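Hello,

Here is the structure I promised to pass on. Please open it first, then read the notes below.

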Amino acid sequence: MVQILRSLGDRSLRQLVDLERGLVNREVYVNPDIYHQELEQVFTRAWLFVGHESLVPNPGDFFQSRMGEEAVILVRDHKSKLHVFLNTCRHRGMKVCRYDEGNARLFTCPFHGWSYDTDGRLVGVPHFKAAYREELDKSAFGLHEVAQLCNYYGSIWATWDPKAPSFPEYLGPYAEGVRWCFESLDGEDAGVELFRPVMRWRLPCNWKFPAFSFDGDTLHGVTTHRSINVAAIGPQGERKDGDRHPMRAAFPETRYEMSSRELGHGGHNSIYELPGVAEYVDTWQTEPPEVDEYYRKAREKKAKKYASRYLHGGGALVFPNVNIQEQRILQWHPHRVGITESWRLFQVDKSAPKVVKDAQRRYMMRYAGPAGLTESDDMENWNYAHAASSGTIAARIPYNFQCGLGHEFTDERVPGMTLNFGIAEENQRSRLRRWLAFMEAGSWNDLYPVKKD
Amino acid sequence: MSPEAMQRSLERLLLQREIEEFVAMEAELLDERRYNEWIQLMADDIHYYLPIRRNMRFGEQEREQSSADSEISWMDEGKRILVGRVRQIMTGIHWCEEPLSRVRHVISNVQIVAVRGDEVEERDRFIVYRNRLQDEWDLFAGKREQVLRRDSETGWKVAKRTVILDQNVLLAKNITFFF
């Protein structure tokens, strides 16, 4: 099924995304009609990352989150069940919760006083007898809840579409890689909590600029981030030439671009030649020795757990717009045409001692976010790439997505994945492929099970 | 006014002027991109802290600012990382500061809160305007809570700077300058 965009005459989306030749029309990123179509076709259907159970540990706890453009509330109700509600009163739409986080017995709308229990039921309507004559069916006007919610090893995901496959099915070959990103360092499932608060900031570009290139753009590292080594922000300080990444022990592995061509998810992941995990190399030279000790002990325990397993794969961008890594979650929300709201959340072992949590936290703050020495340079690129692509003539010139085109391959050790050399644009092509499928789909019937082209 | 009271008033006035001149001089160094000189004004034990601010219910304002003890802030670092930031800008290839932004610090409402030996606890308020390339601009307002320490070479050094920015979601694509 092919979508016709009125604003572009009789050209179809398929003509704008030519993955055979690796040419993508810039309208895909800058056209306002396409942006609005994404909100409809992608963000009402996909599974979206909402938060983590550690953000709402007690009954009544709530945390403001977001799905696409829209504000949602992550809530743990009085019976300890988790919910995700659209943050809008069923009466006239006013936000029922304007606090970033907290604990509540009820959400009371400041407009006309409609009150909702933490499980979403409308329980209080002022003037119910006198004005409504008890004719209002309260049971039909509870807070609007997501169609499906999944607590995936502590991480919370939701979708508005009742026909979406289950979240593990949605992840496909990345189900384990994402699971690992919520393990503690020693390999315990659901062993992390998130730091608070969430970093949130605005970025003048389409959400796909960062979302579709992150963890699929090794090409940019050497040029964009060239200035960072002089700052030596890695946990090892000046060692290793001031590299911003921590030290890693050698382990027989090869890193590839890996993605699910059918589902869109993908990252930089490894195929390992040996089972188990690499030995720990002292890394935290800029912190007290207890930090390295903790990491070392955790690694030893993890080595025992995975002694006979090949840990191929890892974290990735989960289509459409959240990148899940072991210590960092990066999310790019569509905010308006040409504006993205970027979020950063950071995992840490629940049971780590304070000295370890502090070391982790300080490293993430100097690395990530708008004041992070690494990420700040990315913002400049995405800002001005979008701006320079918006003109009438600029929009006629396609982007080049040809790196590694035609050199993709599969490996039986990672079924369901398409691989390419570690420096390629294969992941970006996979994401655009899936994006096209979502944009053309009439419903989830067109999206899953995945039909081969 | 007794002579003793007059003496104290004058000392207070002179200290106020001295602090204001230091704050103005520091802003000048930043705005003129004299970062190598500016970093000399940061004490070796400086704590530079820029918390994130939350929207909290009335009565829960003590949780409004992210905690330096356990939470995530925009910046929470010491001299080593500040030196790193200056080095990064001075490479000339830190793309978000290349070409360099035009930054203007307007510091006002300088108050001396306390004097303890050679340290002065100070508060001031700022408007920082950043303008970049053709028409990109950001306007930041906030407050700085500082500890300034006398120094034989530079007059004063900054031992602690807490920047209370008047924003929740950061309405800028990055922070690549110093408040």
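**Hairpins, a helix and a chain contact**

In chain A of this predicted model, A:Ser80 takes a positive phi near 75° in the hairpin of S5(A) and S6(A), with five residues between the two strands. Strand S6 covers residues 82-86 of chain A, and five bridges join S6(A) to S5(A). The two run antiparallel. Look for A:Val72, which stands opposite A:Leu86 in S6(A).

S5(A) has another partner. Strand S4 (residues 61-67) of chain A is antiparallel to S5(A), with six bridges between them. A:Phe62 has A:Val75 in S5(A) as its bridge partner. This pair also forms a hairpin, with two residues between the strands. A:Gly68 sits in that turn and has a positive phi of about 65°.

Why is S5(A) largely enclosed by the rest of the structure? Five of the seven residues in S5(A) (residues 70-76) are buried, so the strand is largely enclosed.

Next, helix H10 of chain A, residues 375-389. Its 15 residues reach 22 Å from first C-alpha to last, close to the expected 21 Å. Its buried residues include A:Met379, A:Trp382 and A:His386. The buried residues of H10(A) pack against helices H2 (27-30), H6 (208-213) and H7 (221-224) and strand S14 (199-203) of chain A.

Last, the contact between the chains. Chain A gives 37 residues and chain B gives 33. On the chain B side, strand S2 (75-77) and helix H3 (79-90) each supply at least two residues. H3(B) gives the most, with five. That side divides into 15 nonpolar, nine polar and nine charged residues.

Best wishes

Definitions and conventions. Residues numbered from 1 in each chain as written. Chains lettered and ligands numbered in written order. Predicted model: local features only at pLDDT ≥ 70, side-chain atom pairs only at ≥ 80, totals over all residues. Contact = placed C-beta atoms within 7 Å. Helix = DSSP H or I, 4+ residues; strand = E, 2+ residues; numbered from the N terminus. Nonpolar A, V, L, I, M, F, W, Y, C, P; charged D, E, K, R; others polar. Expected span 1.5 Å × (residues − 1). Buried ≥ 20, exposed ≤ 12 C-beta atoms within 10 Å, placed from the backbone. Pairing = 2+ DSSP bridges.
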